[in-house]
Amino acid sequence: MNPNLSAVMDAVAAFRVLAGQDKDCAAYIRRFAGTESAAPAAAPAADGLSLADAILRGLRKETAALTARALETHSELEVVDRFLIPALDAVGERYERQELFLPQLIQAANAACEGFELVKKRIAARGAESVSKGKILLATVHGDVHDIGKNIVRVVLENYGYTVVDLGRDVPAETVVEAAIREDVRLVGLSALMTTTVASMAETIKALRASGHTCKIMVGGAVLTPDYAAQIGADYYAKDAKQSADIAKQVLG
Ligand code: B12
């Protein structure tokens with residue numbers, strides 16, 4: 001074996017992954033991402049670490065601690081909009097540029113979830129109003145497993161006093177229609193995070209309309225635009241969780 005041949009060393013790197021010798025594929029990712037910044041999450045937390053860095057490096061404990069610190073000076077939704085979402089956006093952009101790979105995307109998502117959990121607990125602790133203002137159905141559409149955003153929307157809506165029926169993620173159109181009729185909801189919220197699953201969202205809206213059940217439909221998720229939401233027949237587009245509460249107020253009072 002000639003270790004000076006890059007192709008040979010590439011094969012060795014791949015072997016180490018397959019043989020389970022390369023924890024979290026860290027060496028492999030470092031080799032192929034070819035950037036310093038894509039260093040594995042195992043690095044110890046340095047002082048002065050920002051919340052964004054902690055998420056980017058998939059550091060769960062540090063993310064929780066730094067989120068708690070941010071919550072001392074910012075409201076829950078500010079922490080979501082100003083720190084957690086931008087950090088995940090940066091992770092997504094690096095993933096797209098192939099500087100980060102799926103294991104790191106997952107690590108970053110898991111770290112971010114620690115932050116979102118704290119935020120959700122804080123919002124929930126304020127206590128929802130005891131009389132429900134109405135029922136809202138939520139789902140992430142078929143083919144899509146992204147549910148962090150939907151879950152934030154749920155907590156905010158519940159906090160505003162609405163009852164939420166959450167169908168979870170990767171939900172087929174028929175399941176949404178059945179539940180909308182069964183629960184007799186006047187507002188359905190759909191989430192989609194990928195260009196590929198926006199088509200499922202369109203299909204779900206079509207199925208809801210075809211069922212004859214009259215309800216308003218609000219949609220959200222990073223890939224959507226107000227124009228596209230209108231084009232696929234949604235009644236409302238929400239940029240963030242706060243807007244979902246404004247829409248609910250408009251529809252349900
Ligand atoms: C975290 C994450 C993951 C996690 C998801 C964990 C989970 N439980 O959700 C994991 C690692 C599992 C994952 C997997 C994949 N992911 Co991913 N992921 C992301 C990432 C980095 C962040 C998404 C997120 O949670 N944001 C934070 C939340 C709070 O924001 P949000 O969802 O936008 O929600 C807010 C608003 O949009 C709005 N909202 C959202 N939904 C709704 C619904 C309603 C009703 C309302 C009113 C409002 C509303 O309110 C929310 C709160 O303010 C994005 C990048 C990005 N910039 O979005 C990529 C991204 C979405 N993923 C991507 C891809 C490609 C994938 C995979 C296919 C990767 C793979 N090769 O397997 C798989 C998909 C599997 C599948 N079938 O779904 C791409 C999609 C590309 C595209 N344009 O289609 C992105 C954009 C990354 C990229 N730039 O390439 N992913």
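Me: Which residue in S4 does Leu-190 stand opposite?
Reply: Leu-190 stands opposite Val-219 in S4, where strands (E, at least two residues) and helices (H or I, at least four) are DSSP runs numbered from the N terminus. Keep in mind that this is a predicted model, in which local features need pLDDT of at least 70 and side-chain atom pairs count only at pLDDT 80 or more, while totals for chains, interfaces and linings use all residues. Residues are numbered from 1 along each chain as its sequence is written.

Me: And what stands opposite Val-188 in S4?
Reply: That is Ile-217. S3 and S4 pair in the parallel sense, over five bridges, and two strands are taken to pair if DSSP finds at least two bridges between them.

Me: How do S1 and S3 run, and how many bridges join them?
Reply: S1 and S3 run parallel and are joined by five bridges; for example, Ile-136 has Leu-187 in S3 as its bridge partner.

Me: What's the strand order in the whole sheet, then?
Reply: The sheet is open and has five strands in the order S2-S1-S3-S4-S5, with parallel pairing. Its edge strands are S2 (163–166) and S5 (236–237), each of which pairs on one side only. Helix H8 (residues 173–182) packs on this sheet, where it touches S1 (135–140), S2 and S3, and its direction makes about 170° with that of S1. Touching here is contact, meaning C-beta atoms, placed from the backbone, within 7 Å of each other; the angle is taken between N-to-C directions on a scale from 0 to 180 degrees, with axes fitted as lines to C-alpha atoms, for helices over the stretch in contact.

Me: Switching to the ligand: which residues come nearest?
Reply: Of the 40 residues around the ligand, the nearest are Gly-92, Gly-149, Gly-189, Ser-191 and Gly-220; a residue is near a molecule if its C-beta atom, placed from the backbone, lies within 6 Å of it.

Me: Which element gives the most to that shell?
Reply: H5 gives the most, with nine residues. The elements that each supply at least two residues include helix H5 (76–96), helix H7 (148–159), strand S3 (187–191) and strand S4 (216–220). By class the shell divides into 22 nonpolar, eleven polar and seven charged residues, counting Ala, Val, Leu, Ile, Met, Phe, Trp, Tyr, Cys and Pro as nonpolar, Asp, Glu, Lys and Arg as charged, and the others, Gly among them, as polar.

Me: What about Thr-204, is it buried or exposed?
Reply: Thr-204, which lies in helix H9, is buried, with 28 other C-beta atoms within 10 Å. Leaving aside neighbours within four places in sequence, Thr-204 is in contact with Val-141, Ala-173, Val-176 and Leu-190.

Me: And Val-79, what does that residue touch?
Reply: Not counting residues up to four places away in sequence, Val-79 touches Thr-67, Ala-70, Leu-71, His-74, Leu-84 and Val-119. Val-79 is found in helix H5 and is buried, with 24 other C-beta atoms within 10 Å. Thr-67 is twelve residues from Val-79 in sequence and 7.5 Å away in space, C-alpha to C-alpha.

Me: Last one, how many helices and strands are in the chain?
Reply: The chain has eleven helices and five strands, and buried residues make up 36% of its 253 residues.

How values were computed: Two residues are in contact if their C-beta atoms, placed from the backbone, lie within 7 Å. A residue is buried if 20 or more other C-beta atoms lie within 10 Å of its own, exposed if 12 or fewer, and partly exposed in between; C-beta atoms are placed from the backbone.
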